[in-house]
Amino acid sequence: MLLTDGLLEQNIRKHFNDAQISTAAHRKLVNSLLHIHEEQAEKKGLEGEIEFTKEFLRNIFKIIPLKKKEPAVDRIIKFCAHYIQHIQEKKSETYKQNGDELEETITSRLIRSLFDHLLPGLESKDKYVRLRICQIITLVINCMEEIDDDLFQLLKKALEKRLRDKEPSIRVQAVIAASRFQNSDEDVNNDSIKKIFLHLIQHDSNAEVRRSVILNLEKSVETLPFIIERARDVDSINRRTIFSRTLPEMGDFRQLSIGKREKILKWGIKDRNDQVKKAATKMFSTIWIEHVNNNLLELLERLDVINSKIAEDAMSSFFSMRIDVVKTITFDSDFWENITPESAFLVRCWNDFCIKEGYTHLLEEKIPEISKQALYIEKILENFEDNTDENKQELEFILEQFLLIIKTTDFSDEMGRKKIFNILQNNIPNFVFSENLITHMVEVFQKTVSDERTYAKLLMEIILDLYDSLDIRTNKNKDNKDDVRSEDSFVSAVSNQDNPSLYISIDSIITAETEVSSESHKTLIIFRCLHLTQVMLENIEKNLQNNFEFIEILHNLIIPSVRSHNAAIREKGLRCLGLYCLLDKKLAKENLALFCHCLVKGHDSLQIEAIKIITDIFMCYKYDVFDDSSTDLHSIQLLYEQILQNTSNSDIMATTVEAVAKLMLISFFDDPKLLKTLIILYFHPETSSNSHLRQILAYFIPAYSYSLPKNQFSLQKIFVPTLHDLSQIFENFDDTESISFSQIALQMMDWIDPKKLVNSHLSNNLSSSYTKTNENIYLSLANDICTQISASYNKEKRTLSSLLNKLHITHASDQQLALSIHSTINSILMVTF
């Protein structure tokens, strides 16, 4: 029976009405609607299809203007897409069975008519219309098997415009729809959709839009860097999506370069968000390990553990998620006999994890006793001499892993302890090891010795024997004449290097040495002696003042090194001298002026070393270091202040800021001028690129302000002058994207809020003289503000005036000060009006 126009309209409307109630009945409704559609086409031909399409579209257009969050609308859109998909599948099966390939079908005519009516709506001024049309197009496109060329171009052009729509929700839908129009055969420059996608993934301000691009952008060699970059997205959900969906969908991680693997793991495992960390750990522990057939050693080979900075954290995360591997892993005799950098690293990480989590019974079962480990170490050292540089690096790495394992043992195996002691004593002076390995060797050597005095004596003997091999003591007088040319020769002499780096390792000195072989050998031996001295001093606590061996080291090695013209030797010598000053107060007093001299006249890296040494001395001895010294506290404060104001080196600036912050937190420095300088540096536009400095001050200023009442009082005293100076600074930086002047003022007010003091009742007991003043801190600030208003210009005056409404002044405040402020305000009002 053929449906009349009225019945057709009523029937289709009923299907749409039922579809908006629940998605559960969609399959049944789709079949029923298809039956009506086919009946119309069969009985009335093209005219019947037109009638059906007209009514179908009329019902769709009813939902288009409705607002975004309307569940019934979403169900209708899904119903339409479901219907399009169903009729396509139905006709595809029919044509496949009959062998027919008709150019036009009822499906193609319906889709073409649908798009012809929808596409003009993408230009609508109503954002909800554009959104609904984008949603419909997205769902319909995703269920279409193919699109003819004319329609393809129309849709592509229309969607390119919507990808730049001002509404984020529309851009999201446009991205999903446009993803079908990416051409895998063309590069990014020739594919307009890809080009827009790459712009959106980098620069779109909306996180959902970027996420949509992440999920829909075609993965290729060209787009991969842009996708991986989103692992540092500001939105945590986007970062998690990269690790939970995008990277796993890309397949085998071995197609990535080692650098990309390193970045991905570093960004994921070190992420501040726990969910992102979990997703990255799961990817590494389950998906990546499956790509290498659950072979942990092969996985570590793909990470380049010798040079990797994240492999250790990655393995710790791996073991945390895969406890089953921790309990079932085995290390047989073949494993130890044929140990490689990867296997050594694996067992060391496993050892550290078991100690951390309390699986000590597993260590007893699977880690050999120290005496056996000593045999393995001897075998490595036997092969060390005759190997190439590359192999030596691998052997050093393996040896380092053994030493890290041994450091965690209790040395209950006396025979093993003696073996380790003899191995280290005999080999520390005989081979040229890296600084890092020497440090671990000396720390293990200390553990094999009964007490600190014996440890220091034995190590000093090693240092002196190594130093004696230079055969330079016969020429000591000649060297001293050359070194002591003037009062400041050790700092003012031109360095052998044009741009001495911040830190130079033994290995880099060997590589960079271009002098004659005897001089090269001399430099290397001196540097090795200095590094051994440094490690020794870092691991002892007792004074060595009466130790003859150390006095010899001090006078024949450390002091001549400080006077050296070689930048690396000079810096290393200064560090050793600074470390010993932390053990001997008298020596610290004698050399304080020397360290200040280095700070003033040294090159950049020497200045940084001197700042650290001076700060450590002050933190260790406080004001005692000024007794019987030519240097006083005031001159030190001026020196630090001068560096903060005049240096252009960002590393020196950050190091000095950190030093001043530490000394102010322990109340060594109590000068408000220094505090004012730090606050100005924190907000200054020129320090915006110095993230290290900003990070230090972001922690220090609140910690300082909220720790003691007197600190807030100091901040109140410099509040108005600091704001005034900042306002003048910002006038000269019109193009900078800095925070507004009013925001700075509000932030500073927050720092002097007495209610935010930590343990205020304890602070009051410790600083009773400041308690009453601190109660009136807002009143004192109001007085300073009113005084400044009368002398300031309009912009500053408006900001300062707005602060007065935000001050918390109580009835208990000082009445005399309140009357003084009232008088000042009246004077300002009289001048104004």
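The structure is a predicted model, in which local features need pLDDT of at least 70 and side-chain atom pairs count only at pLDDT 80 or more, while totals for chains, interfaces and linings use all residues. Residues are numbered from 1 along each chain as its sequence is written, and side-chain values use heavy atoms, with hydrogens and water left out.

Helices here are DSSP runs of H or I with at least four residues, just as strands are runs of E with at least two, and they are numbered from the N terminus. Burial is judged with a 1.4 Å probe on protein chains only: under 20% relative accessible area is buried, over 50% is exposed, and in between is partly exposed. L554 is itself one of the buried residues of α29, and the others are F550, E552, I553, N556, L557, I558, S561 and V562.

N293 is not a glycine, yet it has a positive phi of about 55°; it sits in the loop between α13 (274-291) and α14 (296-301). With a relative accessible area of 67%, N293 is exposed. K622, also not a glycine, has a positive phi of about 55° and belongs to the loop between α32 (604-621) and α33 (633-646). K622 is partly exposed, at 35% relative accessibility.

Turning to the cysteines, a disulfide is a pair of cysteine sulfur atoms within 2.5 Å, and the count by this rule is 0. For C598, the closest cysteine sulfur is that of C596, at 9.2 Å, which is too far for a bond. C598 is buried at 1% relative accessible area, and C576 is buried at 0%.

Finally, helices α38 (residues 719-731) and α42 (residues 777-789) pack at about 40° with their axes 9 Å apart. Axes are lines fitted to C-alpha atoms, for helices over the stretch in contact, and angles run from 0 to 180 degrees between N-to-C directions. Angles under 35 degrees count as roughly parallel, over 145 as roughly antiparallel, 65 to 115 as roughly perpendicular and the rest as oblique, so α38 and α42 are oblique to each other. Their contact (heavy atoms within 4.5 Å) involves F719, V720 and H724 of α38 and L781, D784, I785 and Q788 of α42.
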